[in-house]
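Let's take a friendly walk through a protein fold. Have the sequence and the 3D view ready, and turn the view as you read.

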Amino acid sequence: KDLKTPLSFQPAADEAIMDTRKAPLLFPDSTFESWPEVHDYSLAASVGSVNKAANDFGLPGTPQWIKRDPRLAWRGSHHGNARQELINHTSPLLNVEAISYNMTITGMKLTSSNQISRYDHCGYRFLLHMNGIFNDRYSSSVKWKLLCGSLVFVPTKPLFVEWWNYKTWEPFQHYVPYTSADDLLQQVKYYSNHLDEAAEIAKRGMKLAQSAFDNLDDFVDEALVRYATVTNKLEQKPCTSLKFAIKAESVPKSLEDLQRDYGPTVCA
């Protein structure tokens with residue numbers, strides 16, 4: 001609460017429903033779960049792939065951009081009424097489908113045949129962003145979709161703001177807001193018939209997303225400094241409490257072992 005700006009992102013809705021708030025500090029992600037490349041944790045690879053795709057499929061305002069697939073595309077899990085409402089729509093304007101996956105000890109493994117790759121996401125003129133599952137969780141994909149140079153449709157009240165957009169992005173300047181499935185369809189119809197407007201918004205959104213990744217190193221440096229400042233004010237748990245926490249390990253380690261492996265501040 002002492003900070004004037006968020007460390008990484010902060011909920012824009014009621015904190016009581018935010019499971020993600022339990023994490024002490026959430027750093028920028030390098031992927032998102034609806035990509036088949038979800039386990040590619042290289043930020044440079046992700047940004048490079050999306051930038052290449054955006055250029056290959058045509059940047060906003062170019063004749064090639066007009067030739068992109070005209071439908072609104074989205075892939076994600078089916079959880080939540082907001083997602084089900086859109087998945088059940090049969091409009092030819094939409095390419096909105098649920099994907100299936102298995103959760104393993106190493107994370108999520110997509111099993112659907114209807115996946116859209118990271119590269120091919122950028123082949124769509126319009127992309128949809130939805131809040132995370134059950135409409136109350138964090139979803140990281142919006143900046144990647146903006147980076148595609150696609151026109152991105154975002155819920156009127158996105159639940160989270162991130163390090164790059166809490167002050168800078170504006171509806172109808174960088175993205176198009178929608179309130180419901182019916183409203184979304186009307187917006188898609190409008191911008192399908194006003195492609196010059198669509199391209200201008202997409203161009204500004206893409207520029208904003210690119211600046212977010214360009215400034216990421218500075219953000220991480222600043223976040224670490226601020227995090228250290230904040231945590232230095234917190235009461236530290238006594239190191240003895242750690243001895244009880246490690247008893248369940250298959251190979252118990254003493255506090256001295258842990259401090260040798262991880263540094264003298266391990267108990268903090």
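The report below starts with the whole chain, then turns to a sheet and a pair of helices.

## The whole protein

Keep in mind that this is a predicted model. The protein has 10 helices and nine strands. Of its 268 residues, 43% count as buried.

How much of the contact in this protein links residues 24 or more positions apart? Among contacts with a separation of 6 or more, such pairs account for 64%.

## A five-stranded sheet

Look for the open sheet built from five strands, in the order β3-β2-β6-β7-β9, with parallel pairing. The edges are taken by β3 (94-98) and β9 (176-178); each has a single partner strand, so one side of each is left without a neighbour in the sheet. On average, neighbouring strands here are turned by 25 degrees against each other, direction ignored. As background, strands of a sheet pair through backbone hydrogen bonds, either parallel or antiparallel.

Now zoom in on β7, which covers residues 151-155. Three bridges join β7 to β6, and the two run parallel; in one of the pairings, Leu151 of β7 is the bridge partner of Phe126. With β9, strand β7 also pairs in the parallel sense over three bridges, and there Pro155 has Tyr178 in β9 as its bridge partner. Is β7 buried or exposed? Five of its five residues are buried, so β7 is largely enclosed by the rest of the structure.

## Helix α6 across the sheet

Helix α6 lies across β2 (69-76), β3, β6 (124-128), β7 and β9. Against β9, helix α6 runs at about 150 degrees.

## Where α6 meets α7

Two packed helices are described by the angle between their axes and the distance between the axes. For α6 (residues 181-192) and α7 (residues 195-214), the axes come within 6 Å and cross at roughly 105 degrees. The two helices are therefore roughly perpendicular to each other.

Which residues make this meeting? Tyr190, Tyr191 and Ser192 in α6 meet Leu195, Glu197, Ala198 and Ile201 in α7. By class, this contact has five nonpolar, one polar and one charged residues.

## A closer look at α7

Helix α7 has 20 residues, and at 1.5 Å a residue they should span 28 Å; the end C-alpha atoms are 28 Å apart, which agrees. An α-helix has 3.6 residues a turn, so residues three or four places apart point the same way.

Methods. Residues numbered from 1 in each chain as written. Predicted model: local features only at pLDDT ≥ 70, side-chain atom pairs only at ≥ 80, totals over all residues. Heavy atoms only, no water. Axes fitted to C-alpha atoms, helices over the stretch in contact; angles between N-to-C directions. Helix = DSSP H or I, 4+ residues; strand = E, 2+ residues; numbered from the N terminus. Parallel < 35°, antiparallel > 145°, perpendicular 65-115°, else oblique. Contact = heavy atoms within 4.5 Å. Nonpolar A, V, L, I, M, F, W, Y, C, P; charged D, E, K, R; others polar. Expected span 1.5 Å × (residues − 1). Pairing = 2+ DSSP bridges. Buried < 20%, exposed > 50% of the residue type's maximum accessible area, 1.4 Å probe, protein only.
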